[in-house]
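Visitor: I would like to learn how to read a model like this one. Please take me through it feature by feature.

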Amino acid sequence: MTKREFGLFVMALKTYFPREQLLPNEQAVELWYRQLQDLDYNIAEAALNEWVATQKWSPSIADIRELAARIRFGEVPDWGEGWRNTMKA
């Protein structure tokens with residue numbers, strides 16, 4: 001995502017969680033951007049929207065990345081399903 005898109009993401013994040021001290025300074029914003037810049041903005045936005053709809057607290061970088069991966073690639077099968085697929089092959 002671009003810096004401009006990330007700015008929109010940050011504004012949404014701060015609006016959704018106004019009581020928390022999220023990204024209190026430019027250094028924090030830059031650190032978050034470094035960790036999320038490779039995500040597509042629409043996927044990151046969808047991840048944030050899902051988080052807001054289902055959670056009571058603010059997300060971490062890892063929370064956003066995990067949801068974004070699930071949105072982008074689908075659910076990761078558990079080990080049992082993976083083993084069954086291996087045995088079928």
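Predicted model: local features only at pLDDT ≥ 70, side-chain atom pairs only at ≥ 80, totals over all residues.

Visitor: How many helices and strands does the protein chain have?

Guide: Helices (H or I, at least four residues) and strands (E, at least two) are DSSP runs, numbered from the N terminus. Here there are five helices and zero strands, giving the pattern α-α-α-α-α along the sequence. The radius of gyration is 16 Å, well over the 12 Å that the globule rule gives for 89 residues, so the chain is more spread out than a compact globule. That radius is taken over C-alpha atoms, and the rule is 2.2 Å times the number of residues to the power 0.38. Along the principal axes, the C-alpha atoms fill a box of roughly 50 × 25 × 20 Å.

Visitor: What percentage of the residues count as buried?

Guide: Buried means under 20% relative accessible area, exposed over 50%, and partly exposed in between (1.4 Å probe, protein chains only). By that rule, 30% of the 89 residues are buried.

Visitor: Which residues of helix α2 are buried?

Guide: In α2 (residues 26–36), they are A28, V29, W32, Y33 and L36. They cover an arc of only 135 degrees around the axis, which puts them on the same side of α2. The arc is that of the directions from the helix axis to the C-beta atoms. On the other side of α2, E26, Q27 and R34 are exposed. The cover over the buried residues includes α1 (3–16) and α4 (61–73).

Visitor: Is W51 buried or exposed, and what does W51 touch?

Guide: A contact means heavy atoms within 4.5 Å. W51 sits in helix α3 (residues 41–54) and is buried, with a relative accessible area of 8%. Leaving aside residues up to four places away in sequence, W51 touches F17, W57, S58, P59, D63 and L67. Across the chain, 69% of contacts between residues at least 6 apart in sequence join residues at least 24 apart.

Visitor: What is the phi of L23?

Guide: Most residues other than glycine have a negative phi. L23 has a positive phi of about 45 degrees although it is not a glycine. L23 lies in the loop between α1 and α2 and is buried, with a relative accessible area of 5%.

Note on methods
Residues numbered from 1 in each chain as written. Heavy atoms only, no water.
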